[in-house]
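Below are my notes on the model, as numbered points. Please read them with the coordinates open.

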Amino acid sequence: MTGIPSRMRCIEIIKPGAPDVLVLAERPVPQAKVGEVLIQVHTAGVNRPDVLQRLGLYPVPAGASDIPGLEVAGTVVACGEGVQSPRVGDAVCALVAGGGYSAFTTAPAGNCLPLPAGMDFETAAAIPETYFTVWHNVFERGALKAGETILIHGGSSGIGTTAIQLAKAFGAKVATTVGSDEKAEACRKLGADLVINYRTDDFAAVLKASPLRGADVVLDIVGGDYTQRNLDCLNAEGRLVQIAFLQSSKTTVDLRAVMMKRLVVTGSTLRARDTAFKGALAATLHAKVWPLLDAGRATPLIDSVFALEDAAKAHARMESSVHIGKIVLTI
Ligand SMILES: NC(=O)c1ccc[n+]([C@@H]2O[C@H](COP(=O)([O-])OP(=O)(O)OC[C@H]3O[C@@H](n4cnc5c(N)ncnc54)[C@H](OP(=O)(O)O)[C@@H]3O)[C@@H](O)[C@H]2O)c1
């Protein structure tokens, strides 16, 4: 791009706190280092980890931008040394370790992926964080296979709506938990076989009494008193994959289920993983999931779109938990 400006608009977290600590600011446009590209950001995804960062509960990894935002879609406007692909002018979506809520951001070239066929920037910005997370945790760590059953907690979340679609696309049966009838309906439309309102029912009892009878994989974001029930409703050789603790990371459990049913308890967090790991994950997603996105067999469910300067409103909506699917900022 000729005429890349020297300064750009972005969102800063002025101190840990409520959404109004997200403030529009101006900073120098970053430069693409070796192996990186500079992206003119059109849209940026909002994720729950951004809320945790704003609250001061999610430290920025060393070397990452302190500007919030873990995923963007936009146009490559400059390439650092050694970058063969993508090229200047390419439309990409990218996983970034921070810096998404801004008019320009840098990304490792290997963490960029092409926009799926016919997809707009608003939808594409909502792909990277949840697709990278779900692929690694459900299909790699959780080793979900066709014909198996997965229980996905928080089915209406960005993570949940992605996990439902991918699990179904790869031939699994899906049970999911939600907090309202409206969210239940949205999850059924995405293909969930069994939807449980955790506010009115005990998810483990309902799942075990259903034709699905149990789960081979549980993808959990809640922890706390869900943990024992997750272990209880896993089938023999089942896998519990922990990716967040919306209730608590601490709980007391009876581990006999792990021994008697030969269970695996695992989990991971994406942001702190190194560039090479994320690049390998990007290549796997391109091979296995991009054909589904290109064909429209999976697509991010967009809840709402806010202007960059309304990032505080976007966070308030996410914290209200009324949203279904992904929240996106346009720059
Ligand atoms: N480990 C990783 O690498 C990684 C990466 C990305 C995200 N995450 C985590 O994954 C989770 C989902 O992220 P997201 O961006 O998709 O968030 P999100 O869209 O804000 O979804 C969170 C959902 O969780 C449900 N929820 C909230 N509190 C709950 C509780 N106490 N019990 C049960 N459900 C509850 C809410 O739906 P209801 O109304 O149905 O309760 C809410 O919509 C977050 O916790 C995030 O930190 C982890």
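**Notes on side-chain contacts and overall fold**

1. Trp135, Phe139 and Phe170 make up one aromatic cluster. Rings of Phe, Tyr and Trp (its six-membered ring) are paired if their centres lie within 6.5 Å; planes under 30 degrees apart are called stacked, over 60 edge-to-face, and the rest tilted. By this rule there are five aromatic pairs.

2. On the basis of the values: this is a predicted model, in which local features need pLDDT of at least 70 and side-chain atom pairs count only at pLDDT 80 or more, while totals for chains, interfaces and linings use all residues. Residues are numbered from 1 along each chain as its sequence is written, and side-chain values use heavy atoms, with hydrogens and water left out.

3. Lys288 and Trp135 are 153 residues apart along the chain, yet their C-alpha atoms are 9.7 Å apart in space. Lys288 belongs to helix H9 (residues 275–288); helices (H or I, at least four residues) and strands (E, at least two) are DSSP runs, numbered from the N terminus. With a relative accessible area of 46%, Lys288 is partly exposed. For this term, buried is under 20% relative accessible area, exposed is over 50%, and partly exposed is in between (1.4 Å probe, protein chains only).

4. Which parts of the chain does the pair of Tyr198 and Tyr226 link? First the geometry: Tyr198 and Tyr226 form an edge-to-face aromatic pair, 6.5 Å centre to centre with 70 degrees between the planes. Tyr198 sits in the loop between E10 and H6 and Tyr226 in helix H7, so this pair links distant parts of the chain, 28 residues apart. Tyr198 is partly exposed at 34% relative accessible area, whereas Tyr226 is buried at 6%.

5. Tyr226 has another ring partner, Phe203; the ring centres are 4.8 Å apart and the planes are at 50 degrees, so the pair is tilted. Because Phe203 lies in helix H6 and Tyr226 in helix H7, the pair ties together parts that are 23 residues apart in sequence. Both Phe203 and Tyr226 are buried.

6. Salt bridges are next. The criterion is a side-chain nitrogen of Lys or Arg within 4 Å of a carboxyl oxygen of Asp or Glu, and a search of the whole structure gives 16 of them. One joins the side chains of Arg229 and Asp202, with an N to O distance of 3.1 Å. Arg229 lies in helix H7 (residues 226–232) and Asp202 in the loop between strand E10 (194–197) and helix H6 (203–209), so this bridge ties together parts that are 27 residues apart in sequence.

7. Arg229 also meets Asp225 in a salt bridge, at 3.3 Å from N to O. As for cover, Arg229 is partly exposed at 22% relative accessibility.

8. Arg317 and Asp303 form a salt bridge in which the closest N and O atoms are 2.5 Å apart. Arg317 lies in helix H11 (residues 311–320) and Asp303 in strand E14 (residues 302–307), so the pair connects parts 14 residues apart in sequence. Arg317, at 27% relative accessibility, is partly exposed, and so is Asp303, at 22%.

9. Two arginines sit over aromatic rings. The rule asks for NZ of Lys or CZ of Arg within 6 Å of the ring centre and within 35 degrees of the ring normal. The charged end of Arg271 is over the ring of Tyr58, 5.4 Å from its centre. Arg273 lies over the face of Phe277, 3.7 Å from the ring centre.

10. On overall form, the chain has 11 helices and 15 strands. A compact globule of 331 residues would have a radius of gyration near 20 Å, and the chain agrees with its 20 Å; the radius is taken over C-alpha atoms, and the globule rule is 2.2 Å times the number of residues to the power 0.38. Along the principal axes, the C-alpha atoms fill a box of roughly 65 × 40 × 35 Å. Of the 331 residues, 53% count as buried.
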